[in-house]
Structure formats: structure tokens, C-alpha cells
Amino acid sequence: MVNYPAAALFTFSFFVVYMHPYLQSFIGGLLVGTAVWILLMGIGRVAGVSGIASEAIASPRTSLWRFAFLLGLIIGGAFFVKAFAIPTANVASGAWLIVAGLLVGFGTVLAGGCTSGHGVCGLGRRSARSL
């Protein structure tokens, strides 16, 4: 049995729903799959976060949709954590998180992409490179 915390100060009290973690994961997967499909069918782009982030930094003037996508990831995640009172854990300081993020970014350059591009989008398109 999962011990859910009491509703946080900023939780939308009318929208607090306590769900089983498996159900949360299932719904999250459906939302990710739907978003990936909409991006691919809508503008013909793969939702690889590392590629989207690097292109947004490299050419900011032509990357409005990329910035909107990245901002949506951050705001959407924060919204669902608060709205559904999802338990979170503070595992490291901000400095360590920045270092970890840079190392992950370096790894995605070495690997030619990240798990969102290869695992979610590439395998769905039957890309041999993603396997």
C-alpha cells in the first residue's frame, strides 16, 4: 500500500485524485504516446528531447515550437505533481542536478540520441538504429 501525503499547499483541492502508481504510469504512458504521435503527425518531427533542446539552443530564432515543447514538459510535469499530489523526493542539491544534466547531455551526444527519441519514437517507427 502506498502512503500518499496530504494535499500540498498549492494542490488544486478540487482536482486531487489519489491513484495507484501503476495507473499513474499507464495514464502517463498514454499521454506521452499521444503527444509523440501529435508531434510526428502534426509537423513531422520526432519527439527526441535532447535533439529538440540542442536545436532550440543552436537556433533560437527558428525554434518557437521547440521552446514551447520544452516549456510544456516542465509546466506539465509540475502541474501533474501538484494536481495529483504525486510524492516527490529531493535526492540531490541543485548543483549536482546541473552536473548530472550535463553528463546526461554528453551521453546523448555520444549515443546519437536519448531514450525519448530512440525508445519512445524510434522503436514505434521500427527504426533499427533505435533498437
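Colleague: Which residues does Thr108 touch, not counting residues up to four places away in sequence?

Modeller: Thr108 touches Ser50, Gly113 and Cys114. Contact here means heavy atoms within 4.5 Å. Keep in mind that this is a predicted model, where local features need pLDDT of at least 70, side-chain atom pairs count only at pLDDT 80 or more, and totals for chains, interfaces and linings use all residues. Residues are numbered from 1 along each chain as its sequence is written, and side-chain values use heavy atoms, with hydrogens and water left out.

Colleague: Where does Thr108 lie, and why is Thr108 called buried?

Modeller: Thr108 lies in helix α4, residues 94-111. A helix is a DSSP run of H or I with at least four residues, a strand is a run of E with at least two, and numbering starts from the N terminus. The relative accessible area of Thr108 is 14%. Buried means under 20% (exposed is over 50%, partly exposed in between, with a 1.4 Å probe and protein chains only). So Thr108, at 14%, is buried.

Colleague: What makes Thr108 and Gly105 a polar contact?

Modeller: The backbone oxygen of Gly105 lies 2.7 Å from a polar atom of the Thr108 side chain. A polar contact is a pair of N or O atoms within 3.5 Å; within protein, one must be able to donate a hydrogen and the other to accept it, and residues adjacent in sequence count only if both atoms are side-chain atoms. The 2.7 Å value is within that limit, so the pair counts.

Colleague: How do you know that Ser63 is buried?

Modeller: Ser63 has 0% relative accessibility, so Ser63 counts as buried. Ser63 sits in the loop between α2 and α3. The Ser63 side chain reaches the backbone oxygen of Glu55 at 3.3 Å. Beyond residues up to four places away in sequence, Ser63 touches Glu55 and Ala56.

Colleague: What makes Ser116 buried, and how far is Ser116 from Val49 in space?

Modeller: The relative accessible area of Ser116 is 17%, so Ser116 is buried. Ser116 lies in helix α5, residues 115-122. Ser116 and Val49 are 67 residues apart in sequence, yet 6.2 Å apart in space, C-alpha to C-alpha. Leaving aside neighbours within four places in sequence, Ser116 is in contact with Ala47, Gly48, Val49 and Cys121.

Colleague: How many helices and strands does the protein have?

Modeller: The protein has 5 helices and 0 strands. Buried residues make up 19% of its 131 residues.
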